[in-house]
Amino acid sequence: MTTVTYRAATRIYPGSDHPAVDGLDLEIGDGEFVVLVGPSGCGKSTSLRMLAGLEEVTSGQIFIGERDVTNLAPADRDIAMVFQNYALYPHMTVAENMGFALKMQKVSKPDRDKRVLEAAKLLGLEEYLSRKPKALSGGQRQRVAMGRAIVRHPRVFLMDEPLSNLDAKLRVTTRTQIAELQQRLGVTTVYVTHDQIEAMTMGDRVAVMKGGVLQQIDSPLALYDRPANIFVAGFIGSPAMNLIEGHVAEGGLRIGDHLIDLPREVLAKAGDESTLTVGFRPEAIRLSDTDTGILLDVETVEELGADSYVYGTLAGDAASEHLDGPRIVVRLATRRPPQRGSQVRLHVDPADVHVFSHRTTERIS
């Protein structure tokens, strides 16, 4: 059984004022596919490199299974890593590239050839085994890098943005292939990306990081439905969740001249805060057929066939309360969206409203 455990793992680079990774506590189950996601500089790649042994752990511990690997050399950790650049040897064939690590481990040639062929069949690379990397496409090179990791039969796969060099269409197909392959192999996998769509579509669980601190780890759907704080709410989802400040009033939260009904117990959790942040997904909004609702100035409309995205800013009283006006995105299942330059009223079901503390940014409801 291969699990991965970070226990208060911290990395502080020499000369830095704050940790690149700060007290990371994370449990990854046997055979689980966990994605580390976050903006540039959030500590996700550093966390992966600490697990690989490529970065020193300043304090805390890292375990693979029951074994403390915190101070072990990378070669002694029984892991295989797939990098952003595939690092293939240009003078070697695909088969030689895939089997090189086995050759260095003194694995016999018959066994080496057998394992390379097995991996090539898994990855659809059989007809390319005699080719050099320069004769391959980007997607094929990526599969060779995967094959080089697979033949080693590691306990843990580590992948650091392996799709970032591929074009958009190829990324979609390749991420599906990687997820299916991981399920078939059942190898514990830690995958790093800055692309939240990759994270949401590939991972059993997704760990969201910011400033070296783990913000939330959960299934993709749970992250989408119940983000732990404002950062996660704004980061997960495309387009992102709409986030607006509202004023606590009798019976709910007031945005401009519109009152969003909120249960008393939700308002009670806010304590003495007079301003809260509410969030709602673009698809949770509908156009109001009355003169009530959040007033929006429509600025841009994107018609995508079955759906339309309407972009605008708060209008009326709400505009004066939000001088820098948050941009609101509405997803409508219609071929007749409102026109640019018009004003519309938006209705959001209170059940679809997320409420966050303005002071701490943590979720209230």
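The model is predicted, so local features are reported only at pLDDT of at least 70 and side-chain atom pairs only at pLDDT 80 or more, while totals for chains, interfaces and linings use all residues. Residues are numbered from 1 along each chain as its sequence is written, and side-chain values use heavy atoms, with hydrogens and water left out. Helices (H or I, at least four residues) and strands (E, at least two) are DSSP runs numbered from the N terminus.

**The four-stranded sheet**

- Four strands make an open sheet in the order β2-β1-β4-β5, and their pairing is antiparallel; two strands pair if DSSP finds at least two bridges between them.
- The edges belong to β2 (21-28) and β5 (67-68), each of which has a single partner strand, so one side of each is left without a neighbour in the sheet.
- Between β1 (residues 4-11) and β2 there are five bridges in the antiparallel sense, and A9 faces L24 in β2.
- Helix α1 (residues 44-52) packs on this sheet and touches β1, β2 and β4 (59-64), where contact means heavy atoms within 4.5 Å.
- The direction of α1 makes about 115° with that of β1; axes are lines fitted to C-alpha atoms, for helices over the stretch in contact, and angles run from 0 to 180 degrees between N-to-C directions.

**The five-stranded sheet**

- Another open sheet has five strands, ordered β15-β19-β16-β17-β18, with antiparallel pairing.
- Here β15 (285-287) and β18 (327-332) are the edge strands, each with a single partner strand, so one side of each is left without a neighbour in the sheet.
- From one strand to the next, the twist averages 45°.
- Three bridges join β15 to β19 (residues 343-348) in the antiparallel sense, and I285 stands opposite V348 in β19.

**Helices α4 and α5**

- Two packed helices are described by the angle between their axes and the distance between the axes.
- For α4 (residues 138-150) and α5, the axes come within 11 Å and cross at roughly 15°.
- On the α4 side, G138, G139, Q142, R143, M146 and I150 meet L170, T174, Q177, I178, L181 and L185 of α5.
- R171 is found in α5 (residues 168-185) and is buried, with a relative accessible area of 17%; buried means under 20%, exposed over 50% and partly exposed in between (1.4 Å probe, protein chains only).
- Not counting residues up to four places away in sequence, R171 touches L163, S164, L166, D195 and E198.

**Loops and backbone details**

- N71 sits in the loop between β5 and β6 (79-82) and counts as exposed at 74% relative accessibility.
- Most residues other than glycine have a negative phi, and most peptide bonds are trans.
- The bond from S238 to P239 is cis, with omega near -5°, and P239 lies in the loop between α8 (230-235) and β11 (242-249).
- H153, in the loop between α4 and β7 (156-160), has a positive phi near 50° without being a glycine.
- T361 also is not a glycine and has a positive phi of about 70°; T361 lies in the segment after β20 (354-357) and is partly exposed at 31% relative accessibility.
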